[in-house]
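Here's a quick look at one protein model, with an eye on its charged side-chain pairs. Have the structure open as you read.

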Amino acid sequence: MPATTTARLTLGVRLNGTEERPTGPPHPPAPPDTHAYPFHEFLATELERGRLDALLVPELLHPTGPTGPTGRRGGPTALEATTLLAAIAGATDRLGLAVTTTATAAHADTLAHRLAALDVLSAGRTGWQPSTPTHPGHQEPEEDALRCKHTGELIDTLHTLWDAANRHLPAAPPPLPQGRPVLFHTATTPAERSLAARHADVVLTGRHPLDEARARYGDLKTEAASHGRLPDDLLIWSELTPQVTTRPAGRGPARHRGDVLTGTPAQLADHMEERFERRACDGFVLSFPALPAPLVDFVDQVVPELWRRGLFPNDYAWPTLRDNLGLPSRTTPTGALHA
């Protein structure tokens, strides 16, 4: 079991189903149908080839083309996340597999069993991100605080169920190889930041200028300490949408075009290294403006640059997602099963 550490960069990729998926000749060797299961399996195996830590998907992945839903009869089929990830678990060995899922108290037992089963199928590579229903439009701070309070109560309930599973108690879910799935959580609002500082293993902080990101990083680590947690008990990931360009590097940093950061592999690695070294984040949750080419380009060109700099490992060190991220163990100690 590894000691907890943030000595190396950690990386995940989020799919949202709205990425542009060009028609015409496929990006070799990607499957030609960009909305079918084999294409998603291809993306996952590409990420594993680059030794990335985790793939994050929404509860329902609604495939869309460049101008909206595909023109198939009946429209594209939405892929349910745990079913998709259960299949991908059989095609990968070490890549973490995380699902965003609706989190309500009424579904606590079902959710606990479903995520436990996915952790068993993936041999300890499951993560999850709770999503709670919100009303359209502006949400008042009081409503947000109540929503986060209910989410926190649900998380406590799930942790109790998973701890019972690891003690082999009757009617509990199956024991989880990594004790508990890795918990991802956003930190957009003050209430979300407080919830994440208390519970999350990986905090998703969005996109912010360097100085603001550093301040948020420090605040989150400090608030986590107020809950009795060590700084390395949680990782903080910034959001990044990279696009590799083939133009000569020239001088200066990578450039933003909207939310997309474009640059050579060295320029993109410079950006990531600076943010990591200056404690603006422990890693990144990546998204891509299109699939599959930008993702493959990142794996082919940026990841080797991170390897050369010693920022990112060129192999997985451990079998479970929690261990590979350097997070504290949540398995039941030997001798505690009958305590």
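What follows is a short tour, from the overall fold to the salt bridges.

Keep in mind that this is a predicted model. The protein chain has nine helices and twelve strands. It runs to 339 residues, and 50% of them count as buried. As for contacts between residues at least 6 apart in sequence, 75% join residues that are at least 24 apart. The accessible surface is about 15,200 Å², with 55% of that belonging to carbon and sulfur atoms.

Now to the charges. Side chains of opposite charge can pair when their charged atoms come close.

| Salt bridge | Closest N to O |
|---|---|
| R21 with E19 | 3.9 Å |
| R207 with E239 | 3.2 Å |

Take R21 and E19 to start: both residues are buried.

Next up, R207 bonds to E239 through a salt bridge. R207 sits in the loop between β8 (202-204) and α6 (210-226), while E239 belongs to strand β9 (residues 235-244), so the pair ties together parts 32 residues apart in sequence. R207 is partly exposed at 32% relative accessible area, and E239 is partly exposed too, at 27%.

D270 is partly exposed, at 41%, and R309 is partly exposed at 25%. Both belong to a salt-bridge network that also links E273, E305 and R308.

Conventions
Residues are numbered from 1 along each chain as its sequence is written. This is a predicted model: local features need pLDDT of at least 70, side-chain atom pairs count only at pLDDT 80 or more; totals for chains, interfaces and linings use all residues. Side-chain values use heavy atoms; hydrogens and water are left out. Helices (H or I, at least four residues) and strands (E, at least two) are DSSP runs, numbered from the N terminus. Buried means under 20% relative accessible area, exposed over 50%, partly exposed in between (1.4 Å probe, protein chains only). Contact means heavy atoms within 4.5 Å. Accessible areas come from the Shrake-Rupley method with a 1.4 Å probe; for residues, only the protein chains shown count as cover. A salt bridge is a side-chain nitrogen of Lys or Arg within 4 Å of a carboxyl oxygen of Asp or Glu.
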